[in-house]
Amino acid sequence: MLTTDDLEFLRRPLHGFLTVAGGPVRPVWFEAADDGTIQLFTPRESPKVRRLDDDPRASIIVAAPVGERERWVSVSGSVTVEPGGAHELAARLAERYWDLEDPAHAGELAGIQTLDLVRLVIRPEKVSRYLM
């Protein structure tokens, strides 16, 4: 479903915009895994987890930043809420999105690591893309 070009694009430190059934669109950090899934982390008690319990579908769209050719990839599919691996994912993503040499960012990551996190895994069922 995700092409090599899609994965290369999705592995950049870009924000994704996540939508779960009945919920608002939220900017998120994410990881495109080697198995073609999209993974995120969130607190176990977050509203998106409760919404996913009722309807386990979500979509994420990632767009190129201003100044680049217009490009986006959209992934929709079923989501599982996984109890393991969320803290490791949070650490990888913090390193990808933040300069952890900055004490403020390192402190924020330390705070995130104290939370009861779960990993959201989107299994692509539909992928759309655009490259101008």
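Me: What should I know about the model first?
Reply: The model is predicted; local features need pLDDT of at least 70, side-chain atom pairs count only at pLDDT 80 or more, and totals for chains, interfaces and linings use all residues. Residues are numbered from 1 along each chain as its sequence is written, and side-chain values use heavy atoms, with hydrogens and water left out.

Me: How is a pair of aromatic rings described?
Reply: By the distance of the centres and the angle of the planes. Rings of Phe, Tyr and Trp (its six-membered ring) pair if their centres lie within 6.5 Å; planes under 30 degrees apart are stacked, over 60 edge-to-face, the rest tilted. Here the count is four aromatic pairs. Trp 29 and Phe 41 are edge-to-face because their centres are 6.2 Å apart and their planes at 65°.

Me: Which parts does the pair of Trp 29 and Phe 41 tie together?
Reply: Trp 29 lies in the loop between strand 2 and strand 3 (31–32), and Phe 41 in strand 4, so the linked parts are 12 residues apart in sequence. Strands (E, at least two residues) and helices (H or I, at least four) are DSSP runs, numbered from the N terminus.

Me: Are Trp 29 and Phe 41 buried or exposed?
Reply: Both are buried. Buried means under 20% relative accessible area, exposed over 50%, partly exposed in between (1.4 Å probe, protein chains only). Trp 29 has 15% relative accessibility, so Trp 29 counts as buried.

Me: Which residues form the aromatic cluster?
Reply: Trp 29, Phe 41, Tyr 97 and Trp 98 form one cluster.
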